[in-house]
Amino acid sequence: MNHYRLARRCLSALTGITLLLSFGAQAKPGANLPTCTPQVLQSADMFNCVPPSNGVLEANTGPAETYSSGAAAFPSSWPQYGFDQRHNPVFPASGDPNRFPNRGVFWAAPLTGLDFLRAARASETFGNPEGWASRTGQFLGEVMGVSVASGIVYAQLGRHEVDAIDARTGRVIWRHNLVNVAGMGQTVVRELGGRPVVFITVGDAAFNIQNTIRFANGQEHDRGASFGAVVALDGVTGAEMWRFSTRNAARPAAIFDNHRLYVTTGAGEFFVLDAASGAQQGFTKNPGNGFAGLASPNWYETSAGRKLVIYGTIRPRRILAMDVTNPANPTLAWEFTPPNATANSPGDTPVAVDPTLGRVFTTVFSDIGGTNNLQAMAIDAATGSLLWNTLMGEGDNPPGFKASVPMIHDNVMYAGNTINQTFQALDAQTGAVLWVTDISNPDDPGAERPRGAAVYVDGKVIQTTGRHILTFDAASGEILNDFVTVGLFALFGVTQPVVVGGQMYLSSISGWVFAAPVDFVTTTPGFTGGLPPEVVPPPQRAEFQSGASPSRSESRTFPATWLYYAGGPDNNAVSPKGPKASRWQTALTDALPLSAPPLDEDIYGTEEATMMTHLAFGVGSGLAAARGAIYAGSDRFTIHALNARSGREIWRYRTFNANFGQPLVTPNTVIVGGGDQWTNLGGTGDFSRGDPFTVGASLQHLTGLDPRTGTERWTFYTGPGTSGMTPLYHQGDVLWVNGQGKVYAVDANSGTPQAPFMDADGNPVLKLGFNAISSANIVRGKGNAPDLMVVGTARPSQITAINLETAEIVWTQPLSGFNIASTGFAAVSPAVDVKENLVIGSVLIDADPVANTATILTYGLDGTSGAVVWTRVLGSGEFPLGFVAPTPVVNDEVCYFANPLDNTVNALETEDGSLRWQTPVTAEAGRMSWGPGVVVKDKLIQPVGPDLYTFDAEDGEILNWKRVGGSFTYNNPVVAGKTLYIGNSWGWVSAMPVAEVIGGTDD
């Protein structure tokens, strides 16, 4: 099967991927396209080039030359989205017309290398390529457009970074890593103290499970699944000056005015900050807790001297004007509810303001008599009253961003219509339509969605859409030029160009930024060769330090493979093979100090902040010990191999999502699940209605790497459903149930889909309820009976057993007599008692979000039939914000559970669930641990918050207690030889002698 046949068709037609790929193919000969060398990327040939054969394509770096020598030719500040109130960032030429920037130069800055092409492999599994493009832009590239000031171009990327680029050379001056997504705002720039200072708003578009359930229960909820912030950096060096944390996402760009920043967030909050220090000067909540999406605020000063900040919100759908005349006490000046508004409107549309006309302009996706239509609206900026609204035309319901950003020039409003693929000009005074131009392509339905704001340059209007830069005659709407960008920078999202003199700057959801002369873009066709050749990015390589690799003799002291979640069906990660006692601690990507509190604890409280810290910085859920190395996934989108004796990093591999799953080490491949435990905006509605539901907001995948070097062997994408759990290894294949409930099976060596679980087109044949983090386990068939895969899901909430030979469901067990919480069995990985043939796990029951209480129920199921053998209530307490229950470890016919709800550790007989012992522990408030412990001989080592407790496995006596730091939220220990290894939520991997942990001797 050609897995990417559909991807090629969809991407070429709808998303404008510039160098299309068929995984495993080679570039077709005879294309005569140049290679993307640094020299080619400084010329017009950059629009036609193909990647180098070695797959290495990195942005050049260099000093801020233009800032030092030519800053005066550029604007000195960038105070808001679109630069000004009318959203027209066009700056006239000055100085010598034959010099830069009036003459213009060519360059491309490949900030993300070939990641866009690699991400294109995921398009087929999304089905709708626009859905794929929306997610790729949010979590990889640059969605809203660059900012340009003092000779520096600033680009915020979805992959947690902001880059500063020299405006003349295209060289990257600096790169700063951020706590979360930054690609959905524009960088605000202002000179303070003689230096440019940049202000970046940070936050994602997703919802964590806490807020999804809050919405379903009719409670106040926020947008943004991870940490939000406003960050101030030195514009020349990238050094951080201050960070102001926000509750959930701060996606929209800020406004700078009179040494203050105005910020609106996904928590329905509005802040006034001191730009020099980040100190909060004013605060208020939006009415109805309406939260912002992409709706960067604008401003207006009334004739009476009142200063208003104006922006749209979602849930409820309103446009708000905050009076900040007294910045210490912002108050609501007016609110406007657009009639018939639907979907993300108006919270995803930055409004334009014409201060001369005293009007606010926007477009609103609307339901008019049951038909999708786009309304253009003008609102009185001082009072919020509707002055006019014009229907722009009906059409389909586009995914992602719903409306389009208006631009105002000379009493004309220019805006695209994303649902009928037209570009329009309206009289700003009356709303009368001046002209409408159809930009659709009959061969590519849905390809052209003009979402971003246009720019007006010398009687022409320039608009980006799909893979095109269109030039219109401003008076008539005639298309004067269609510049096709089949270069690596590819698809434009809500992207707006910036024009300085004769130079245009533009970014893409690919994460590339480029510059070209305006005259070139507005008069030439760009790429003219039809579709480019199919190109395969060579396997992605890791950062490899060969000197840190273990010796052959060291490798032989370890297991050769690590084939199960937590080391085996019993979840008891113990191997007699391993080193003598080792001691080290290694920080993975962006790790927090072990002595630090969870990030933003003062905003979220300890429990929620700890959970969020793990999902943003943590070491997945566990480690693998094999071949002299410790393999670890990181929720910072990286996979690591560490020398098991020294802790030195052997290699580091970057992925497209959090690597929450535990690594498996097969004879040839290290395999790690990648995925987030979040939902998108539509998913929260699905969950509240009880409709089919998907866990996962970004690009989800399973990745196979070379164990020695970290070089990519294969990556398999699973559409929108998370693959963050650990897969099950069985006879050379790996199998898992993703966040949509689809059951996948691929070859462990190649990532090729495997029958009977996958059909001839590579699609799963089974779909269960949704999964979050439940790693499948195995029940071995006795005699001629087949092996069974057992896994937990929700909606329906049940444990399911599947025949691993036929892909048929053998049994399901919903525990229907109990009131199971809405997350069901999707958040616990069951253990298997091989001797007793029992599937053992736990689940939350009797969850009461009002009383804030829940109970943990444990169970034992017959592995062959699914019949309930026993159940036992473990204990009750406050409803855990992670909505998870503890994962057990089984040893010698006893199962052990930690219970963070009542701060106990418990031992149950696997035969009947009777309580052998229950021991109270002293746990730090809010730092809950849900992972299994490990049983070494007759001792249980159990993570509890930041500590490792050792118990006598027979009677529960506490033998020792060791503080490590941070928290062990999902992590389980691994014992290899005489060393214990464990990752934690703060991003650290620790190795310590087992004797030190248990408080005894090496014996």
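The model is predicted, with local features requiring pLDDT of at least 70 and side-chain atom pairs pLDDT 80 or more, while totals for chains, interfaces and linings use all residues. Residues are numbered from 1 along each chain as its sequence is written, and side-chain values use heavy atoms, without hydrogens and water.

Q: What is the handedness of the crossing of α6 and α11?
A: The crossing is right-handed. That term applies if the near helix is turned clockwise from the far one by less than a right angle, and left-handed if anticlockwise.

Q: Which residues make the contact between α6 and α11?
A: Thr212, Ile213, Phe215 and Ala216 of α6 meet Thr684, Gly685, Phe687 and Ser688 of α11; contact means heavy atoms within 4.5 Å.

Q: How many residues of this contact of α6 with α11 are nonpolar, polar and charged?
A: Four are nonpolar, four polar and none charged. Ala, Val, Leu, Ile, Met, Phe, Trp, Tyr, Cys and Pro count as nonpolar, Asp, Glu, Lys and Arg as charged, and the others, Gly among them, as polar.

Q: Which residues of α11 are buried, and what do they pack against?
A: Leu681, Gly683, Thr684, Gly685 and Phe687 are buried, and the buried residues of α11 pack against α6.

Q: Why does Thr823 count as buried?
A: Buried means under 20% relative accessible area, exposed over 50% and partly exposed in between (1.4 Å probe, protein chains only). Thr823 has 8% relative accessibility, so this residue counts as buried. Thr823 lies in the loop between β51 (809–813) and β52 (831–833). Neighbours within four places in sequence aside, Thr823 contacts Ile209, Ile213, Ala794 and Phe883.

Q: What makes Asp473 partly exposed?
A: Asp473 has 23% relative accessibility and therefore counts as partly exposed. Asp473 belongs to strand β29 (residues 468–473). With neighbours within four places in sequence left aside, Asp473 contacts Trp435, Gly459, Glu478 and Leu480.

Q: What does the side chain of Asp473 reach at 3.0 Å?
A: The side chain of Asp473 reaches the backbone nitrogen of Ala475 at that distance, 3.0 Å.

Note on methods: Helices (H or I, at least four residues) and strands (E, at least two) are DSSP runs, numbered from the N terminus. A polar contact is a pair of N or O atoms within 3.5 Å; within protein, one must be able to donate a hydrogen and the other to accept it, and residues adjacent in sequence count only if both atoms are side-chain atoms.
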